[in-house]
Amino acid sequence: MARPSPTALSLSPLLATAVAALAVVAVVRWRGARARAEPFGRGRSAALVGSLALLAAVLLSPLETVGSQYLLSAHLLQVLVVMGCVPPLLLLGFPGGGRAWPAPLRLAGDVAVHPAVALLLVNAVFFGWHAPVLFNASLNHPELYAAQMLSLLGVSILFWWPIVEPRGRTRWSIPPLFKLGFLLLATIPQTFAGLIFALDHHLIYQGYAAGILGMTPLSDQQIAGASMALLSKLALFVAFSVLMWRLLDGAEADDEASDDGGGPGTDDDTPTPVPPPLPAWLSLLDTDRVVDEPAPHPRKPERERVAT
């Protein structure tokens, strides 16, 4: 089968349909959010538009052709965007609401976005698709390659869900410090895979035997492996910086609230004095605890007292 030109646009019906469907659903949800007067600021709008633009740029452009036919490094660039950039932006900007899902589907979704389950799923799908037999088959069948990209996007959304928490605190909310550890743990398998690509002196994927831009397939594989190991740490650093900034920003807000002294409704910085508590015995005065005085004994006459 003849290879397409490296500058040819990707015409995968599966990818084009998936991107178009996602854009239509996003627009419908966005209009519904506007009709319900839900807060949907510029930041969320920019995140939504940016995620869809990035997805179209890596799946419906010549990069798709180069990644699926010529360069492993281009393929890993696609994977980085599809798994590391699009999902968090999509979750940040995608409007909520809509119809309520049936209970079995909600239960399956809750299980799928559990941090441990999502971590296992994202690594199983990533390494499963990149097994030499299956990956070489995807290089020879464009729709199989398209299915690979969409499945990687799907499991990455599950992975990022408990980190971004698109609808506030989810059922499996993770404290900020644990999110950092979760991200660190998630980058370890990709780092080892990148080192294997970079240090292996044999071509792993025979489908990339052509090569372009003066790079041999083996040098392309080594560059892709080194970039994969480096970019996974770069993604960790960016996520670490964002989460740490949010953590410190929340701590500063708590400190400012605790330093007000006067509590809600105080207009200045002067602490409002708090009166000391009343003694417990003072409350007894408000209760009916008075008893009747006993009647006095009658006094005996003086002569009887002398006789006795």
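A residue counts as buried under 20% relative accessible area, as exposed over 50%, and as partly exposed in between (1.4 Å probe, protein chains only). Here are some notes to go with the structure.

1. **What you are looking at.** This is a predicted model, in which local features need pLDDT of at least 70, side-chain atom pairs count only at pLDDT 80 or more, and totals for chains, interfaces and linings use all residues. Residues are numbered from 1 along each chain as its sequence is written, and side-chain values use heavy atoms, with hydrogens and water left out.

2. **The overall build.** The protein chain has 11 helices and zero strands, where helices (H or I, at least four residues) and strands (E, at least two) are DSSP runs numbered from the N terminus. Along the sequence the pattern reads α-α-α-α-α-α-α-α-α-α-α. Of the 308 residues, 33% count as buried. The chain exposes about 19000 Å², with carbon and sulfur atoms supplying 69% of it; the areas come from the Shrake-Rupley method with a 1.4 Å probe.

3. **Contacts along the chain.** Take contacts (heavy atoms within 4.5 Å) between residues at least 6 apart in sequence: 76% of them join residues at least 24 apart.

4. **S12, ahead of the helices.** S12 sits in the segment before α1 (13-35). Its relative accessible area is 8%, so S12 is buried. Apart from neighbours within four places in sequence, S12 touches E143 and A146.

5. **α7 against α8.** Two packed helices are described by the angle between their axes and the distance between the axes. Helix α7 (residues 132-140) packs on helix α8 (residues 142-164) at an angle of about 120°, with the axes 5 Å apart. That makes α7 oblique to α8: angles under 35 degrees count as roughly parallel, over 145 as roughly antiparallel, 65 to 115 as roughly perpendicular, and the rest as oblique. Axes here are lines fitted to C-alpha atoms, for helices over the stretch in contact, and angles run from 0 to 180 degrees between N-to-C directions.

6. **Who makes that contact.** From α7 come L134, F135, A137, S138, L139 and N140, and from α8 come P142, L144, Y145 and Q148. For the classes, Ala, Val, Leu, Ile, Met, Phe, Trp, Tyr, Cys and Pro count as nonpolar, Asp, Glu, Lys and Arg as charged, and the others, Gly among them, as polar.

7. **α6 alongside α9.** The axes of helix α6 (residues 115-129) and helix α9 (residues 176-199) come within 11 Å and cross at roughly 15°, which makes α6 roughly parallel to α9. On the α6 side the contact uses P115, L119, N123, F126 and F127, and on the α9 side F182, L185, A186, P189, Q190 and A193. This contact has nine nonpolar, two polar and no charged residues.

8. F126 lies in α6 and has a relative accessible area of 3%, so F126 is buried. Leaving aside neighbours within four places in sequence, F126 contacts V79, M83, L152, Q190 and M228. F126 and V79 are 47 residues apart along the chain, and their C-alpha atoms are separated by 9.3 Å.

9. **A57 in α2.** A57 belongs to helix α2 (residues 42-59). With a relative accessible area of 40%, A57 is partly exposed.
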